[in-house]
Amino acid sequence: MKFSLYLIFFIITTKSLVNVKSQETCRFAKTYTLQDIINSSNQSFINDFHSNEVGVNYKCGYTYDGHGLNYITGELDQPLHEFSAPSKESIHLGMLALALNEWVNEEPENYKAINFFHQNITRSTSEQNEIPYSGNSNFDNAITILYRKINTYHQFNQRFPGFGGFHPWVSVNDSGIFLLDGWTDQVPGLDNGEMIWGLYAVYNLLTTQQTFIDNYPTLGTLYQKYFQLLVDNAMTIFYQPNGYISAVVQINDIYANPTPSNYINPSGLLNDPYEGELLVVFMDLFCEWPSEEARDQIWINKRALLQSVEFNTKTGTNITVQRGWWFSSHEQWKYLMLPYQEIEINQRVFRNGERARTWFSSINNYPGLFASVTNVTEMNQNNGYVSATGISEIAFQQQVTNALVTPYGSFPLFLIHDQPSLGLSWYFTMLNGPSMQNPFGSTESVNIIGTEIASVITWDSKITTVLSMLGGISNINLQFLQSNGLFERFSTVIDREWSLAFPNLNGESLPFMYPSQGVTIPMILNDFTNCTLKK
């Protein structure tokens, strides 16, 4: 089911990316009230994050992590984050998959993901000759990016075959992606697990829909070959014979083809029930296993971290939830990618978790929600990253801060489909904080006392929410898991594991909590000077 409210992006009418004259329109959140948002029907806005050298390198088609903003004006400022990771690719591929799906299934007046790609991308002469134009410039931009992206992927594998097609954190430039200090001989499982399911959606759409087969005959094959490359190498790189999947793997020789002796697991396991599970599901469904017992053992070994815990609502009724690591919204990434909510017990646990998330902020009068994010600072200070933000009483990690909120903390709420204004109301509350809108959309984070922001824009803090507002790609992947005969295994495993951990669920009859009218982020800091509401 698609979400019916699309307060997604903001339209920038100027062509300039350096000095956007947007004071009349950029600060739109303040033209609404909370009640407007709860009662609204269809809001549609577009932003310019998908711009060259902002969120994407147009030459190679790969994402940048994000970009700094001027603390006063809100315009682009140093630094451009000239690095990225497969987790950012996951979101980008998700948006591209949605655009492909819209092209096949929607009328132009209903395009939303396609319109995300509204910034013009000029094709080279050879591209003009080889790639047909569709008649829709936004869709053509998406197709151009898809070609350039997959060529960059294959070039990286040719340069560094030891990674087996999996991506580390990388540096990004016009020529492609290259090794980044700290990741020159290591590869992460979690981020690649996120990216894989975007690849799966894209390649299946490109290879099953006749219009794409006819018009872009090589594109789907390129994506399918890359997906198969990951299938072929995943066990060699990440699997441990004792039934665990490695979190980060050390590579002895990045120029050698994958063989078992080329990889070492220095420490860390992907035995979590959060976003790290995406790689485990991929390997379970697609890789060749030494035995069914070995295949099931990875799930048995994960059970220790799949725990039931009670959230105290202070009303006399607890909410049974899945214990989080920090209980950061980031931990719900897998619901954007895979059809977990098709399994009843998992959906019930997911809903209870989001129910508790809203109750926690409501009973503590927090003006927003919590997710791992770039930290706030004063002007001209270096930002760190705050992973440990969430709800400590229902988390494994007890050192958790609630000093700052981020709009993308609301993204899982958009996946509660029978509460169409729930996510939007919390998102709106955070957008109303000082300088929380800029010419490129939402700002990264703000402290709850309204004195500091993180003056950056990133894929994690912005486009996870956009992807969620559009329903994620779980339904697309559901379609192809079913047609490829893989959904039954997925459903069986998830139902079994969550049923074992959650024999009883309390609090399902409690309502989701909406923000309170009077609980807001104080306007101590001023809005950006180039994103203010004219009076």
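Mentor: Helices α5 and α8 are oblique to each other, where angles under 35 degrees count as roughly parallel, over 145 as roughly antiparallel, 65 to 115 as roughly perpendicular and the rest as oblique. This is a predicted model, in which local features need pLDDT of at least 70 and side-chain atom pairs count only at pLDDT 80 or more, while totals for chains, interfaces and linings use all residues. Residues are numbered from 1 along each chain as its sequence is written, and side-chain values use heavy atoms, with hydrogens and water left out.

Helix α5 (residues 189–208) packs on α8 at an angle of about 60 degrees, with the axes 7 Å apart; the axes are lines fitted to C-alpha atoms, for helices over the stretch in contact, and angles run from 0 to 180 degrees between N-to-C directions. The helices themselves are DSSP runs (H or I, at least four residues), numbered from the N terminus. In this pairing, Gly 189, Gly 193, Glu 194, Ile 196, Trp 197 and Tyr 200 of α5 meet Leu 278, Leu 279, Val 281, Phe 282, Leu 285 and Phe 286 of α8, contact meaning heavy atoms within 4.5 Å. These contact residues divide into 9 nonpolar, 2 polar and 1 charged, with Ala, Val, Leu, Ile, Met, Phe, Trp, Tyr, Cys and Pro counted as nonpolar, Asp, Glu, Lys and Arg as charged, and the others, Gly among them, as polar.

Helix α8 (residues 277–286) also packs with α7 (residues 219–238), at about 105 degrees and with the axes 10 Å apart, which means that α7 is roughly perpendicular to α8. Here α7 contributes Phe 227, Leu 230, Val 231, Ala 234, Met 235 and Phe 238, and α8 contributes Leu 279, Phe 282, Met 283 and Phe 286; the residues of this contact are 10 nonpolar, no polar and no charged.

Apart from neighbours within four places in sequence, Phe 282 touches Ile 196, Trp 197, Phe 227, Leu 230, Val 231, Ala 234 and Cys 287. Phe 282 is also, with Met 95, Trp 197, Tyr 223 and Met 283, among the residues with the most contacts inside the largest nonpolar core, which has 153 residues. Such a core is a set of buried Ala, Val, Leu, Ile, Met, Phe, Trp, Tyr and Cys residues joined through side-chain atoms within 4.5 Å, buried meaning under 20% relative accessible area (1.4 Å probe, protein chains only). Helix α7 supplies the largest share of this core, 11 residues.

Notes: Helices (H or I, at least four residues) and strands (E, at least two) are DSSP runs, numbered from the N terminus. Buried means under 20% relative accessible area, exposed over 50%, partly exposed in between (1.4 Å probe, protein chains only).
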